[in-house]
2 protein chains.
Amino acid sequence: MYLPTPVLSSDLEKKHGLPPGWSEKFNGVEVRHHVSNENVADLGAEAAQQALDNAGLQLNDIDVFITAGASTDQIIPSQAAMTLNKMKGGHTANCEAFHINITCLSFMTAFKLAADMIQFGEINRILIVAAEISSLGIGPENWETLTLFGDGAAAVIVEKSKNHRSGLIKYKHQVFTEGLHAAEIPGGHVNKWIRDYPYDPSIHHFQMDSRQLLRLTLKFLPDFMNEFFESLGTSWAETDWTVPHQASKTGLNMIPKIAKVNPEKVVNILKTTGNCIAASIPMGIHHLISQDKLKSGETLFMCGTSAGFSIGSLLYRHD
Amino acid sequence: MYLPTPVLSSDLEKKHGLPPGWSEKFNGVEVRHHVSNENVADLGAEAAQQALDNAGLQLNDIDVFITAGASTDQIIPSQAAMTLNKMKGGHTANCEAFHINITCLSFMTAFKLAADMIQFGEINRILIVAAEISSLGIGPENWETLTLFGDGAAAVIVEKSKNHRSGLIKYKHQVFTEGLHAAEIPGGHVNKWIRDYPYDPSIHHFQMDSRQLLRLTLKFLPDFMNEFFESLGTSWAETDWTVPHQASKTGLNMIPKIAKVNPEKVVNILKTTGNCIAASIPMGIHHLISQDKLKSGETLFMCGTSAGFSIGSLLYRHD
């Protein structure tokens, strides 16, 4: 996991004239991190290198390199090439590479694809890097997004296991397009091309209708989760750990109520990282693993919502 | 396959003051297509609906919906949600969805992932949509890119087969980051954010160093392909059909020399579509299938290069 420069809520509030304490009270965020000169590749390469170092591996040991998320350094080439280029050994790497984007759920989907790929003979190790820079797409015109979102990266290595009980149990993802515009950056690409739409925070900053997102979550999430666990003959409460996307204080507070799980078994790092888009879930996994909480044989449940509007969930058993 | 309004080389040459015949002589392109009001989702949804209609299927029959390519309508949400929203039945679809980007090789990588996913019980059909709009990122300042690139979309449905001889034989992809800047759009995202870099064709239009791309291709592609076929104990010449990315006239002319294959077995649609980025390969497949050329039991070899710089190849046996 890699985080750039910390930005305290008190400093952000002072700088933009927000009432002192607004950020923590409204969003539950005390500190998030903002890049100064780093780009997405820098953040991603830092986290990925740490993951390799922790595992005692080198880039040459990796068969597939996946970058996951909404943030990219350039329109072309793919972020996978941009991040690989910043890695130690990136110039002579011989892994496959691609970028995947389903916004906040990009890491979870990459993890599912990695679990599929690892079933086949030729693939032994997959490195997934989620790096996000949200600070360029937020501003003082919206206190909620300004204080909620942060920059950062986390990386995970998925490896073949000899333990046949470990691995992916179930993955589910669904898009509810009635929420297509509930969370968006309308400008910058084909719909409002840069030539015709010069920089304007109202189209190039992240626009979020949190009431609409909450309404969609309440409408679709309970049935989605019931179906997920019923099909497995188990329940959310029986899982060992929940790593939810760190969407918002309201969203995180809803989980113990819907899931009837012990809040201590739900990772909540919102206070110290903010919402880091696709990087939040692997940061949550890093949190569990670095604190030696996740034990072999335990189940880990990832879940969250994303722009689109979509819901995703993934259950796996840790080796 | 779906193509927007045709733009004849003669008209393009007249409009921008190029010598008559320049486009066909230099790039081998007689006609490419440009959008007027359509966006990426419109092109993609048209091609995807045609694929469903041809297969006698509906969106509800699809388990996974993948959009693949470099072009997107907005920075957020993911193009997968944007395109799904334009589909008949998109509002009530219950498929998984994500977007994948490794520029020109995005479709090939999506096809590989689909082949992996389809091995598992719960996934029966995957719809892959490659839709690209290159016309916004090119201009008269560069005759080569202006005349070479086109807009368009193609879609493919990958389905479980009962024939155990059909399916993916081998996939290989590799990034050579020494070519990172040989093909790029430097602006628009984190590296040159819109706030600080207003519209400027020199950073928001596609920049291509074709000499460098040719050098990289000659340096890396022959060994890459030799290894690919040697590991299978076969040769390029023994494959039934080659569908190369329609990168350029020079690139396409190289194939029969390197591969020693019959040129009639290599799909070449550059003249009538131009280079449509990730949509070119599925357009080539559409061309073979719609002309009843690809027979059951035959092998199809996809190959190409992409920005990054990367090389990819995929061999499968058609059901």
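1. Domain bounds here are taken from an automatic or database domain assignment. On that basis, chain A of this predicted model divides into domain 1, residues 5-159, and domain 2, residues 167-317. The C-alpha centres of domain 1 and domain 2 of chain A are 15 Å apart.

2. Where these two domains of chain A meet, domain 1 supplies 40 residues and domain 2 supplies 39 residues. On the domain 1 side, the elements of chain A giving two or more residues are the helices α5 (106-117) and α6 (143-148) and the strands β2 (31-34), β5 (125-132) and β6 (152-159). Helix α5(A) provides the largest share of that side, seven residues.

3. The side of domain 1 of chain A that touches domain 2 of chain A is made up of 20 nonpolar, 13 polar and seven charged residues.

4. Between the chains, the contact draws 58 residues from chain A and 58 residues from chain B. For the chain B side, two or more residues each come from α4 (79-86), β4 (96-101), α5 (106-117), β7 (167-175) and β8 (183-184) of chain B. Strand β4(B) gives the largest share of this side, six residues. By class, the side of chain B that touches chain A holds 30 nonpolar, 22 polar and six charged residues.

5. Strand β4(B) also pairs with a strand of the other chain: β4 of chain A (residues 96-101) and β4(B) run antiparallel, with three bridges between them. Within this pairing, Asn101(A) has His99(B) as its bridge partner in β4(B).

Notes:
Residues are numbered from 1 along each chain as its sequence is written. Chains are lettered from A and ligands numbered from 1 in the order in which they are written. This is a predicted model: local features need pLDDT of at least 70, side-chain atom pairs count only at pLDDT 80 or more; totals for chains, interfaces and linings use all residues. Two residues are in contact if their C-beta atoms, placed from the backbone, lie within 7 Å. Helices (H or I, at least four residues) and strands (E, at least two) are DSSP runs, numbered from the N terminus. Ala, Val, Leu, Ile, Met, Phe, Trp, Tyr, Cys and Pro count as nonpolar, Asp, Glu, Lys and Arg as charged, and the others, Gly among them, as polar. Two strands pair if DSSP finds at least two bridges between them.
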